[in-house]
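Here is a friendly walk through a protein structure, for someone meeting it for the very first time. Have the model open beside you and follow along from stop to stop.

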Amino acid sequence: MTIYVVRPGDTVDTIAATFGSSPQSIIYDNQLEYPYPLAIGQALLISETETTPPSDTTRYPAYVGGYAYPFIDTRTLEQTLPYLSDLFIFSYGFTPEGDLIPPAVDDTVLITTATAYGTAPILTLTPFGPSGQFSNYLITQVVNNESSKLRLIENLTTQIQERGFQGVDIDFEYILPEDRVVFADFVRDVRTAVNALGYPVSVALAPKISDTQSGLLYEGKDYRLLGEAADYVLLMTYEWGYTYGPPMAVAPINKVRQVVEYALTRIPAQKIHLGIPNYGYDWTLPFVSGTSKATTIGTIEAIQIAIAHGSTIQFDETSQAPYFNYVQNGLTHEVWFEDVRSLTAKFGLVKEYQLRGMSYWQIMRLFRANWLLLADTFEIIFR
């Protein structure tokens, strides 16, 4: 497969003729909408042959996870599952006493559909409080109380046995610094119980670059202890550009590399998943700290916005990410998102450091070219 950046005067037909491809495959692979306009600077994935999802015997890379809410569109789920080894179902909460709180929407269809596709359904455990936000109070109550911890672990193993889950992912954020060690102990205890059933336990890690990094997101996450406690970890290498921050790439490759290189000093490469964002943000300018709020968008949506406003898509070489500006209703917007170029840079890190794989937050929006590129990139190294 080839990545082609659209130039002035290009059409789907002229690009197809240049590469000996079919216009239909370019349209399908890149999810172009009739009458198939293109944005200058848009990155297209071009294949000279028909593309098909990988079969059960050709998974690449060895481990690819994706987070999904139970209300995911059925067609999006079914088109994505062939490329996933693990489907992280988001999410299960819990009470201070250790009782599990299932998702508001029934997740049975996700479990059964993932299993039918040969993808492991993973129970994602999160400490969401009544407000729907991460609660370090809940974390403290469970990891420091033996009876609550044991009850929660018993409930997790029951869910696995009764519902067909094939693992547990622990996604706790804002852990208090004083709970750093007991949280790692909790992860180890969950792993012991879940491993006994034949399944793995993973833990999500905020993107640190040093042992002493300050901030509530980081101080309670000890990379060495958690790398030892879990079967594998997910580096949440995204959200540099975020809803309430200034416009910038969501996952700038220079920042992502720093996190990976630090992680490798504390955790073996074969235990590390690189986190990959499947979304971008649309900011209104000027950015005002404490007031501005970006809108979350997908890659296909971002490109459609650029086309609608005649914007030229730029590519920042330092962050290895695409962006553009447009004006609507007298307001200037700045958009940063992911495309096949930025994904190529991230896949390159996985290959360079021989990581276990990667996990996507999240798969609710279909970006077909991502999965085709993933299959093409890792066919040899992970087959």
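Pro 286 sits in the loop between β11 (280-284) and β12 (295-297). In this predicted model, the peptide bond that joins Leu 285 to Pro 286 is cis, with omega at about 0°. Most peptide bonds are trans, and most residues other than glycine have a negative phi. A cis bond also links Phe 90 and Ser 91, and its omega is about -5°. Ser 91 belongs to strand β4.

The backbone has other points worth a visit. Tyr 36 is not a glycine, yet its phi is positive, at about 70°. You can find Tyr 36 in the loop between α2 (23-29) and β2. With a relative accessible area of 32%, Tyr 36 is partly exposed. Gln 320, also not a glycine, has a positive phi of about 55°, and the loop that holds Gln 320 runs between β13 (314-316) and β14 (321-328).

Now turn to the start of the chain. Strand β1 (residues 2-5) and strand β2 run antiparallel and are joined by four bridges. Within this pair, Thr 2 faces Ile 46 of β2. In a regular strand the side chains alternate between the two faces of the sheet. Strand β2 (residues 43-46) has both of its faces covered: Ala 43 and Leu 45 are buried on one side, and Leu 44 and Ile 46 are buried on the other.

Next comes the interior. In soluble globular proteins, nonpolar side chains tend to be buried together. The largest nonpolar core here has 103 residues, and the members that touch the most others are Leu 87, Leu 125, Ile 170, Phe 183 and Phe 186. Helix α11 (residues 340-353) supplies the largest share of this core, with seven residues. Apart from this core lies another, of twelve residues, including Tyr 4, Ile 15, Leu 32 and Leu 44.

What does Leu 125 touch, once neighbours within four places in sequence are left aside? Its contacts include Tyr 92, Gly 93 and Phe 94, along with Leu 152, Leu 156, Ile 170 and Phe 186.

Is Leu 77 buried or exposed? Its relative accessibility is 3%, so Leu 77 counts as buried. Beyond its neighbours within four places in sequence, Leu 77 contacts Ile 72, Leu 87, Leu 110, Thr 113 and Ile 363. Leu 77 and Leu 110 are 33 residues apart in sequence, while their C-alpha atoms are 8.4 Å apart in space.

Because its relative accessibility is 17%, Thr 243 counts as buried. Not counting residues up to four places away in sequence, Thr 243 touches Tyr 281, Trp 283, Ser 292, Lys 293 and Ala 294.

An α-helix has 3.6 residues a turn, so residues three or four places apart point the same way. The buried residues of α9 are Ile 253, Val 256, Val 259, Val 260, Tyr 262 and Ala 263. Among the elements covering them are α8 (223-229), β9 (232-235), β10 (272-277) and α11.

Finally, look at the spaces. Rolling a probe the size of a water molecule over the atoms shows where empty space is left. The largest pocket has a volume of about 1,200 Å³. Its lining has 34 residues, and those nearest the centre are Phe 134, Glu 173, Tyr 174, Glu 239 and Trp 361. Helix α9 (residues 253-263) gives the most to this lining, with three residues. By class, the lining of the largest pocket has 22 nonpolar, seven polar and five charged residues.

The second largest pocket holds about 240 Å³ of space. It is lined by 14 residues, with Ser 91, Pro 102, Pro 103, Ala 104 and Phe 128 closest to its centre. Strand β4 (residues 86-94) provides the largest share of this lining, four residues. The lining of this second pocket contains eleven nonpolar and three polar residues, but no charged ones.

The structure also holds one cavity of 30 Å³ or more. The largest cavity contains about 70 Å³ of space. Residues that line it include Asn 30, Ala 43, Asp 339 and Phe 367, and helix α10 (residues 299-308) gives the largest share of the lining, three residues.

Methods:
Residues are numbered from 1 along each chain as its sequence is written. This is a predicted model: local features need pLDDT of at least 70, side-chain atom pairs count only at pLDDT 80 or more; totals for chains, interfaces and linings use all residues. Side-chain values use heavy atoms; hydrogens and water are left out. On a 1 Å grid over the protein atoms alone, a cavity is a set of points where a 1.4 Å probe fits but cannot get out, and a pocket is an open set with protein on both sides within 12 Å along at least five of seven lines; lining residues have an atom within 4 Å of a point. Grid points are joined across faces, edges and corners, and a volume is the space filled by probe spheres set on the points. Helices (H or I, at least four residues) and strands (E, at least two) are DSSP runs, numbered from the N terminus. Ala, Val, Leu, Ile, Met, Phe, Trp, Tyr, Cys and Pro count as nonpolar, Asp, Glu, Lys and Arg as charged, and the others, Gly among them, as polar. A nonpolar core is a set of buried Ala, Val, Leu, Ile, Met, Phe, Trp, Tyr and Cys residues joined through side-chain atoms within 4.5 Å. Buried means under 20% relative accessible area, exposed over 50%, partly exposed in between (1.4 Å probe, protein chains only). Contact means heavy atoms within 4.5 Å. Two strands pair if DSSP finds at least two bridges between them.
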